[in-house]
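Me: I'd like a close look at one part of this model, the helix packing, with a bit of context around it. Here it is.

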Amino acid sequence: MTKLFQSVIVVLMGCGWFHPASGGEIPCLAETGATFRLALDLAGSGDHSGAATEFRRLALASPDPQVQAGYHWASAYEYLQEKELEQAEKMLGRAESDVRLTDVTQLLRGETEWQRRRHEEAGFYYETLLRSPTAAAALKLHAVRRLAAADVYQGDFEKARTALGMVSESPPNALAALD
């Protein structure tokens, strides 16, 4: 599991998608805990297609629209790892029903466009994420790096420099590389 995905899981927990209870159990997963663990195990072992399928299965099994949205987001992430961009977009469309997932959905939309090498479109999603008052610092740091790289790919080094100034923890090496 990548550090970015781990960060997003923490964000999802922080915004209330998971509600930890006593003993570290996740009540919304009480009936599907084994399937959830299977999805995480598949993702961790590199079987992203299998993990995406399991997350979709969890979404279908849940009666709660907010929980469904979270599983759809996780499925989109896994499809993105397999470069199944159409499926990822489909799952992101379903995840958008929960406003708490707006920031992480913007992130994956940017990543989808990035994989298509549509840097201007990717930049739009990263910039939207950077302007969000609710986005976690780890997400913003990833987004600012991607936005600056998208600007460089488009040949706009000044815009890349401006992008790097959008977060307080901008990597100093990145600014030096633009000089």
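What share of the contacts in the chain with a separation of 6 or more comes from residues 24 or more positions apart? And then, zooming in, at what angle do α6 and α8 pack, and how far apart are their axes?

Reply: Bear in mind that this is a predicted model, where local features need pLDDT of at least 70, side-chain atom pairs count only at pLDDT 80 or more, and totals for chains, interfaces and linings use all residues. Residues are numbered from 1 along each chain as its sequence is written, and side-chain values use heavy atoms, with hydrogens and water left out.

Your first question: residues 24 or more positions apart account for 48% of the contacts in the chain with a separation of 6 or more, a contact being heavy atoms within 4.5 Å. Of its 179 residues, 46% count as buried (under 20% relative accessible area; exposed is over 50% and partly exposed is in between, with a 1.4 Å probe and protein chains only).

Now the close-up. α6 and α8 pack at about 30 degrees, and their axes are 11 Å apart. Axes here are lines fitted to C-alpha atoms, for helices over the stretch in contact, and angles run from 0 to 180 degrees between N-to-C directions. The pair is therefore roughly parallel (under 35 degrees; over 145 is roughly antiparallel, 65 to 115 roughly perpendicular and the rest oblique). Their crossing is left-handed, as the near helix is turned anticlockwise from the far one by less than a right angle, clockwise being right-handed. On the α6 side the contact uses V104, L107, E111 and W114, and α8 answers with L139, H142, R146, A149, A150 and Y153. Sorted by class, that's seven nonpolar, one polar and two charged residues (nonpolar: Ala, Val, Leu, Ile, Met, Phe, Trp, Tyr, Cys and Pro; charged: Asp, Glu, Lys and Arg; polar: the others, Gly among them).

α6 has another partner in α4: these axes come within 11 Å and cross at roughly 20 degrees. α4 and α6 are therefore roughly parallel too, and α4 passes α6 in a left-handed crossing. W73, A76, Y77 and L80 of α4 meet V104, T105, L108, E111, T112 and Q115 of α6. The tally here is six nonpolar, three polar and one charged.

Of its 44 residues, F55, Y71, W73, L108 and Y126 touch the most other members. α4 is the biggest contributor, giving nine residues.

A95 is buried at 0% relative accessible area, and beyond its neighbours within four places in sequence it contacts A69, H72, W73, L101 and T105.

Last, the loops flanking this pair. Most residues other than glycine have a negative phi. K83, however, has a positive phi of about 60 degrees; K83 sits in the loop between α4 and α5 and is exposed at 59%. R117, in the loop between α6 and α7, has a positive phi of about 65 degrees and is exposed at 66%.

Conventions. Core = buried A, V, L, I, M, F, W, Y, C linked by side-chain atoms within 4.5 Å. Helix = DSSP H or I, 4+ residues; strand = E, 2+ residues; numbered from the N terminus.
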